[in-house]
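Have a look at the fold first, then read on.

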Amino acid sequence: PRLLVVSILLASGVSLRAAESLSVAAAANFVYAIDALLAEFKRSAPGVVVTCTTGASGSLFAQVKNGAPFDVFLSADTEYPGQLVAAGLGDPTTLRTFATGRLVLWTTRPALDVSNPAAAVRSPLVRKLALAQPRFAPYGRAARAALEKLEVWSEAQPKIVMGENITQTAQFVETGNADAGFVALSLVLSPRLANQGRWTEVPPALYAGVSLDHAVVLTNRGTR
C-alpha cells in the first residue's frame, strides 16, 4: 500500500520542475503515517517540496471542489475520490484503492472494559464518548452505523463528543476529554499511541454498509 501511494505521488511529480511543489490532502487517519510516505517520496523526487494538509475526508473533498490547490487526495473512503472524478475534478486513470480501514473502540481509562462495545457505551463510567463527525468522516459514519446496529445509538447520543476528524477524536480519548472513543485501528497501533490504554475491534459486520476502503486520486491540478 505504501509503495502504491508513493507511485501516485510520483505520477503527479513527474512534470514538476525541481523548484516546484506538490500539495497533498490526506485524511486525518494518515497523520502518523504521512511522514514516512513523504520521506519515501522525497528519496525519489528530492527536488520537489511537498506540503500536506490533513482533515476529514469530506472536508478535504469540499475544499478541492471549491478550488483548493491540492495535487493529490488521499481519502479514508472511495466515495469522495469517486465523486471528485465524477465531477470532472480528478483523473480517473489514477483512482486506486490502496488499503482498508478498521474501526476500534479505545479507552485510556484503566477501570473501563471495552471488550463489549454495547456494554461499554451503556456503562456509567462512560460519560463522554468520542466519534468523528459522520457528515464528513467515514470512520464517524462507521461508528454511528455500529451503534445503530447494536441498538445503543439513542443511549449514546447524550454522551457523544464529536471530533472534526478521526485524529481529533483520538486526541479526545488520549487527553482524557472523552472516556472512550471510536477511532481507526491504524491510530491505536501507531508508535505514538500503541502503549496507551486498551482497545477492541468493532466487528466489520456492524458497519457493513459503510466502506472504509481508502483511495487515492490525482486532482486535475496534479496532472498538469
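What follows covers a strand, a helix, a loop residue and a cavity.

Bear in mind that this is a predicted model. Strand β5 is mostly covered, helix α6 has a span that agrees with its residue count, and the structure holds one cavity of 30 Å³ or more.

- β5 takes in residues 103-107, and five of its five residues are buried.
- In a regular strand, side chains alternate between the two faces of the sheet.
- Here, Leu 103, Leu 105 and Thr 107 sit on one side, with Val 104 and Trp 106 on the other, and both faces are covered.
- β5 runs antiparallel to β8 (residues 180-184), and four bridges join the two strands; Leu 105 stands opposite Phe 182 in β8.
- β5 also pairs with β9 (residues 198-201), again in the antiparallel sense and over four bridges. In that pairing, Thr 107 has Arg 198 of β9 as its bridge partner.

**Helix α6**

- Just past the helix, Glu 151 has a positive phi of about 60°.

**Leu 206, a loop residue**

- Leu 206 belongs to the loop between β9 and β10 (213-218).
- Is Leu 206 buried or exposed? Its relative accessibility is 17%, so Leu 206 counts as buried, the cut-off being under 20%.
- Setting aside neighbours within four places in sequence, Leu 206 is in contact with Ala 145, Ala 146, Lys 149 and Leu 150.
- Leu 206 and Ala 118 are 88 residues apart along the chain, and their C-alpha atoms are separated by 11 Å.

**The cavity**

- The largest cavity has a volume of about 50 Å³.
- Which residues line the largest cavity? They are Ala 27, Ala 28, Asn 29, Gly 55, Ala 56, Ser 57, Ala 76, Ala 137, Pro 138, Tyr 139, Asn 165 and Ile 166.
- By class, that lining has eight nonpolar, four polar and no charged residues.

Definitions and conventions. Residues are numbered from 1 along each chain as its sequence is written. This is a predicted model: local features need pLDDT of at least 70, side-chain atom pairs count only at pLDDT 80 or more; totals for chains, interfaces and linings use all residues. Side-chain values use heavy atoms; hydrogens and water are left out. On a 1 Å grid over the protein atoms alone, a cavity is a set of points where a 1.4 Å probe fits but cannot get out, and a pocket is an open set with protein on both sides within 12 Å along at least five of seven lines; lining residues have an atom within 4 Å of a point. Grid points are joined across faces, edges and corners, and a volume is the space filled by probe spheres set on the points. Ala, Val, Leu, Ile, Met, Phe, Trp, Tyr, Cys and Pro count as nonpolar, Asp, Glu, Lys and Arg as charged, and the others, Gly among them, as polar. Buried means under 20% relative accessible area, exposed over 50%, partly exposed in between (1.4 Å probe, protein chains only). Two strands pair if DSSP finds at least two bridges between them. Contact means heavy atoms within 4.5 Å. The expected span of a helix is 1.5 Å times one less than its number of residues.
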